[in-house]
Structures are given as C-alpha cells and as structure tokens.
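Biologist: Could you put the protein up on the screen and walk me through it? I would like to go through the fold, then a few residues.

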Amino acid sequence: MTRLTREELEKIIDENPLRSLSSIGEEIGNSRVAIEKWLKTYQLDEYRNRKIKRLRGDKARKRRDYQN
C-alpha cells in the first residue's frame with residue numbers, strides 16, 4: 001500500500017475530478033476505501049466535490065440552453 005501526500009492526491013484530482021475513486025486506487029495500488037480515507041484526512045473531499053460541481057454545472061447549463 002502506497003501512501004499519497006496531499007499534493008499528489010490534489011494533482012490526481014486536478015487532472016480529472018470526475019475519475020472514480022476505485023480507478024485512482026487501482027492505478028496507485030490501493031483500495032477505494034483507502035483513497036476515501038485520504039480525501040477525508042487531507043480534507044480534499046469538498047475540494048473534489050466543488051471541482052465536479054463546476055464541471056457538471058457548465059454541461060448542465062449547455063443542455064438547458066440547447067433544449068430552449
């Protein structure tokens with residue numbers, strides 16, 4: 001099991017916030033649960049959620065505009 005630093009985990013989230021935790025875990029050699037624990041430990045769970053909301057917000061706005 002490889003321990004990630006806050007900066008490494010932040011970089012992974014920045015690359016693709018929509019990426020699943022299990023796929024991150026597979027790449028690093030850890031479980032999804034371990035990745036979740038590190039997100040909470042480093043208080044990056046809200047950081048990831050904000051990035052996801054920002055990405056999805058743009059897409060949702062485009063869909064609504066297109067339908068009107």
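This is a predicted model: local features need pLDDT of at least 70, side-chain atom pairs count only at pLDDT 80 or more; totals for chains, interfaces and linings use all residues.

Biologist: What share of the contacts join residues at least 24 apart in sequence?

Modeller: That share is 70%, taken among contacts between residues at least 6 apart in sequence.

Biologist: Let's go helix by helix. Which residues of H1 are buried?

Modeller: In H1, which spans residues 6–15, the buried ones are Leu 9, Ile 12 and Ile 13. They cover an arc of only 100° around the axis, which places them on the same side of H1.

Biologist: And what is exposed on the other side of H1?

Modeller: On the other side of H1 you find Glu 7, Lys 11 and Glu 15, which are exposed. In general, an α-helix has 3.6 residues a turn, so residues three or four places apart point the same way.

Biologist: Which residues are buried in H3?

Modeller: Helix H3 covers residues 32–41, and its buried residues are Ala 34, Ile 35, Trp 38 and Leu 39. Viewed down the axis of H3, these buried residues fall within an arc of 140°, so they line one face of the helix. Lys 37, Lys 40 and Thr 41 are exposed on the other side of H3.

Biologist: What happens just after H3?

Modeller: Just after H3 comes Gln 43, with a positive phi of about 55°, and this is a positive value in a residue other than glycine. Gln 43 lies in the loop between H3 and helix H4, the latter running over 45–67.

Biologist: Is Gln 43 buried or exposed?

Modeller: Gln 43 is exposed, with a relative accessible area of 62%.

Biologist: Changing topic, how many salt bridges are there?

Modeller: The count comes to four salt bridges, and I can describe some of them in turn. As a general point, side chains of opposite charge can pair when their charged atoms come close.

Biologist: Start with Asp 14, then. What does Asp 14 form a salt bridge with?

Modeller: Asp 14 pairs with Lys 51, and the closest N and O atoms are 3.4 Å apart. Since Asp 14 lies in helix H1 and Lys 51 in helix H4, the pair ties together parts that are 37 residues apart in sequence. Asp 14 counts as partly exposed, at 37% relative accessibility.

Biologist: And what about Glu 36, which residue does it form a salt bridge with?

Modeller: Glu 36 forms a salt bridge with Arg 32, with the closest N and O atoms 2.2 Å apart. The two residues are four apart in helix H3, and are therefore separated by about one helical turn. Glu 36 is partly exposed at 25% relative accessibility, and Arg 32 is also partly exposed, with a relative accessible area of 41%.

Biologist: Which residue pairs with Glu 27 in a salt bridge?

Modeller: That is Arg 19, and the closest N and O atoms in this pair are 2.5 Å apart. Glu 27 itself is exposed, with a relative accessible area of 56%.

Biologist: I also wanted to ask about Arg 48. Is Arg 48 buried or exposed?

Modeller: Arg 48, which sits in helix H4, is buried yet has no salt bridge, and the nearest side chain of opposite charge is that of Glu 36, which is 7.7 Å away.

Biologist: So what does Arg 48 touch?

Modeller: Setting aside residues up to four places away in sequence, Arg 48 touches Ile 13, Pro 17, Arg 19, Ser 20, Leu 21 and Leu 39.

Biologist: Where is Leu 21 found?

Modeller: Leu 21 is found in helix H2, residues 21–28, and it is buried, with a relative accessible area of 13%. Apart from its neighbours within four places in sequence, Leu 21 is in contact with Arg 32, Ile 35, Glu 36, Leu 39 and Arg 48.

Biologist: How far apart are Leu 21 and Arg 32?

Modeller: Leu 21 and Arg 32 are 11 residues apart in sequence, and their C-alpha atoms are 5.4 Å apart in space.

Notes: Residues are numbered from 1 along each chain as its sequence is written. Side-chain values use heavy atoms; hydrogens and water are left out. Buried means under 20% relative accessible area, exposed over 50%, partly exposed in between (1.4 Å probe, protein chains only). The arc is that of the directions from the helix axis to the C-beta atoms. Contact means heavy atoms within 4.5 Å. Lys and Arg count as positive and Asp and Glu as negative; His and the chain ends are not counted.
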